[in-house]
Amino acid sequence: MQQNLNYTPQIFWMDQHMAPPVPNRPNMFPQPPFPDFRNKRHKDGTCTYLLIIFLLVLLALAGVGLGTYKIIELQKELDQFKEISSESSSPSYMEKLIGLNTQSAEKKEGRLAAHVTGKPDTMLPLAWEDKYGRAFTSGIQYKDKGLVVNQTGLHFLYSSVYFRGTACQKTQLYHVVYKKPMRYPKELKLMETTDYHYCTGSGMWGRHSYLGAVFNLSSSDTLYVNVSDINLVSFEESKTFFGLYKL
């Protein structure tokens with residue numbers, strides 16, 4: 001009995017100079033996976049958003065703090081204004097305002113001023129009343145018919161003289177204000193006016209002369225008023241006067 005056997009002969013090649021064959025297994029040594037950067041970018045974006053939100057919150061808190069500070073300052077100013085308003089309505093404040101306490105107010109403010117009125121005399125320069133009636137001196141000394149400046153600075157200086165006569169006559173009316181500086185030997189004219197008076201008939205007449213201006217006066221300057229004829233001057237305190245005050 002014969003038996004068919006499928007037999008495939010295998011041939012082994014044996015050679016000491018050749019390396020044995022290596023089976024073809026492509027997945028035997030797999031390559032390392034490529035790094036995925038998407039998660040990293042996602043994390044970086046989240047940090048940026050959180051930083052922006054933190055800055056916005058910080059800015060909002062700063063704005064709230066600044067607004068609160070401004071409100072507190074306005075409240076303080078409002079309280080001060082209320083205090084001033086309450087003081088202005090008090091009787092003592094009203095007394096100072098209407099001049100019932102003039103003497104204390106003048107001492108507090110320290111104003112330098114003087115107003116002297118006409119006083120009869122026979123010799124020039126004109127003499128003045130410095131104590132009675134409407135006359136006063138505050139920080140300005142009246143001495144030897146003149147007003148002595150106490151402090152150097154700008155002063156408003158004024159003088160009023162009323163001329164009058166009982167008979168009509170042609171005459172020249174002269175009115176001048178001058179000063180004598182301590183360090184200057186001569187008189188210096190500050191203001192002057194000259195008027196030629198003409199009249200007809202034999203009745204009484206009168207003419208008013210006024211001078212006023214701002215001058216930079218020095219300490220110890222002495223101011224005087226002179227006229228053309230002292231016999232033609234009316235010494236009424238409302239018509240003939242002299243004064244100054246520091247600006």
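How accessible is phenylalanine 156: buried, exposed or partly exposed? I get a relative accessibility of 21% for phenylalanine 156, which counts as partly exposed. My cut-offs are under 20% relative accessible area for buried, over 50% for exposed and partly exposed in between, with a 1.4 Å probe and protein chains only.

**Ground rules.** This is a predicted model, where local features need pLDDT of at least 70 and side-chain atom pairs count only at pLDDT 80 or more, while totals for chains, interfaces and linings use all residues. Residues are numbered from 1 along each chain as its sequence is written, and side-chain values use heavy atoms, with hydrogens and water left out.

**Aromatic pairs.** I searched the whole structure and found five aromatic pairs. Rings of Phe, Tyr and Trp (its six-membered ring) pair if their centres lie within 6.5 Å; planes under 30 degrees apart are stacked, over 60 edge-to-face and the rest tilted. I looked at tryptophan 128 with phenylalanine 242: the ring centres are 5.5 Å apart and the planes are at 40°, so I log the pair as tilted. Tryptophan 128 belongs to strand β2 (residues 127-129) and phenylalanine 242 to strand β12 (residues 241-246), so this contact ties together parts 114 residues apart in sequence. Strands here are DSSP runs (E, at least two residues) and helices are too (H or I, at least four), numbered from the N terminus. Tryptophan 128 is buried at 1% relative accessible area, and phenylalanine 242 is buried at 0%.

Next I checked phenylalanine 156 and tyrosine 245, which form a tilted pair with 5.6 Å centre to centre and 40° between the planes. The pair links distant parts of the chain, with phenylalanine 156 in strand β6 (residues 153-165) and tyrosine 245 in strand β12, 89 residues apart. Tyrosine 245 is partly exposed, at 39% relative accessible area. I also noted that ring pairs join Phe156, Tyr158, Phe241 and Tyr245 into a cluster.

**Charges over rings.** I count a charge as over a ring if NZ of Lys or CZ of Arg is within 6 Å of the ring centre and within 35 degrees of the ring normal. Lysine 239 has its charged end over the ring of tyrosine 162, 4.6 Å from the centre. Lysine 180 lies over the face of tyrosine 224, 5.4 Å from the ring centre.

**Salt bridges.** With a side-chain nitrogen of Lys or Arg required within 4 Å of a carboxyl oxygen of Asp or Glu, I count seven salt bridges. One of them joins lysine 179 to aspartate 221, with the closest N and O atoms 3.4 Å apart. Lysine 179 is in strand β7 (residues 171-180) and aspartate 221 in the loop between β9 (205-217) and β10 (222-227), so the bridge ties together parts 42 residues apart in sequence. Both lysine 179 and aspartate 221 are buried.

Arginine 207 and aspartate 195 also meet in a salt bridge, at 2.3 Å from N to O. Here arginine 207 sits in strand β9 and aspartate 195 in strand β8 (residues 188-197), so parts twelve residues apart in sequence are tied together. I get partly exposed for arginine 207 at 27% and for aspartate 195 at 28%.

Glutamate 192 is partly exposed at 42%, while lysine 189 is exposed at 55%.
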